[in-house]
Amino acid sequence: MQSKVVVITGGGQGIGRATAYAFADAGAQVVIAEIDVEAGDEAIREIRMRGGKAEFIPIDVAAEPQIEQLANDLFARHGRVDVLVNNAAISSNASIEHRLTAEWDHVLNVNLRAPYLMTKYLLPLFRQAGKAAIINVASTRAFMSEANTEPYSASKGGLIALTHSLAISLAQDSVRVNAISPGWIDVTGWQKLSVREQAELSHADHAQHPVGRVGKPEDVAQACLYLASEQAGFITGVNLTVDGGMTAKMIYV
C-alpha cells in the first residue's frame with residue numbers, strides 16, 4: 001500500500017476508522033471522507049501521531065454535488081485514487097407502519113446510492129491509477145435480519161448485487177470490485193472519544209460465534225487490506241463474509 005491513495009467513506013469512527021488506521025500503517029495516503037467533523041479531525045490527528053499520512057474531507061455522501069466536489073478535490077490534490085472503501089452507512093429501526101418514507105430514502109441514499117455515485121465520479125481517478133480496487137462494506141443483514149430493519153437490510157443486499165455488477169462493468173478499466181459482509185462487530189472502542197464507551201460483552205455473546213468471540217473492527221480492516229492488495233489480484237465480484245462463522249451456524253432454541 002506504500003504511497004497508494006485510499007479513500008474511506010465514514011472513516012471517522014467504527015469499522016471505517018480501524019480501516020483507515022490499517023491502510024495508513026501499511027504506508028497509504030488515507031483520505032477520510034466523513035460527515036462528522038469531530039470524528040474526522042480526531043482520526044487524522046491520531047493517524048499522524050502514529051506516523052501515518054491522512055487527510056480529512058467533510059462530506060455528506062447522500063448529497064450528489066458533494067461527491068462530485070470530492071472527486072474534483074481528489075483530482076487536484078492527488079491526481080488518482082487507488083482504493084475506495086465504501087463504508088459509510090446508517091440505519092433506521094422502526095416498525096414498517098410508523099417509518100416515514102423519507103427515512104427509507106435516506107438510508108438507501110447513504111448505504112446504496114452513495115457507493116454507486118462514489119464509483120461514478122471517482123472512475124477517472126481509478127483510470128489514472130492504472131489498477132484500482134473498490135471494497136463495499138455490506139453486512140450479513142443482507143442474508144438474515146432482526147425485525148424492523150428493512151431499509152438497512154435492503155440497502156446491504158442491494159450493495160452486494162451492485163458489487164458484482166460493477167465488477168463486470170469496470171473490468172475493462174482494470175478496477176476490481178468486491179464486498180465484505182461483517183457480522184457482529186463491536187465498534188464501541190473505535191468511536192470518537194466524546195461518545196466512546198466500551199461495551200460489556202457476556203460469555204454467551206462470544207459463545208454464539210464458532211470462533212469463540214465477537215468480531216472487532218480490526219477483523220474487517222484486515223480483510224479490506226487483503227482485497228485491496230495485489231495478493232487478491234485474481235478476486236473480483238465476490239462477497240467475503242467476516243462474521244466468525246455466525247451465519248453458518250444453525251441455532252435451535
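How do the axes of α1 and α2 lie to each other, roughly parallel or roughly perpendicular? The views below start with that pair. This is a predicted model, in which local features need pLDDT of at least 70, side-chain atom pairs count only at pLDDT 80 or more, and totals for chains, interfaces and linings use all residues. Residues are numbered from 1 along each chain as its sequence is written, and side-chain values use heavy atoms, with hydrogens and water left out.

View 1. The axes (lines fitted to C-alpha atoms over the stretch in contact, with angles from 0 to 180 degrees between N-to-C directions) of α1 (residues 14-25) and α2 (residues 37-49) come within 10 Å and cross at roughly 25 degrees. The two are therefore roughly parallel, the word for angles under 35 degrees. In contact (heavy atoms within 4.5 Å) are R17, A20, Y21 and A24 of α1 with A39, E42, A43, E46 and I47 of α2.

**View 2. Helix α4 from end to end.** At 1.5 Å a residue (times one less than the number of residues), the 29 residues of α4 (residues 101-129) should span 42 Å, and its end C-alpha atoms, 40 Å apart, agree with that. After the helix comes G130, with a positive phi near 90 degrees.

**View 3. Helix α4 beside helix α5.** The axes of α4 and α5 (residues 150-169) come within 8 Å and cross at roughly 15 degrees. That makes this pair roughly parallel too. Among the α4 residues that meet α5 are W104, L108 and Y116.

Key: Helices (H or I, at least four residues) and strands (E, at least two) are DSSP runs, numbered from the N terminus. Angles under 35 degrees count as roughly parallel, over 145 as roughly antiparallel, 65 to 115 as roughly perpendicular and the rest as oblique.
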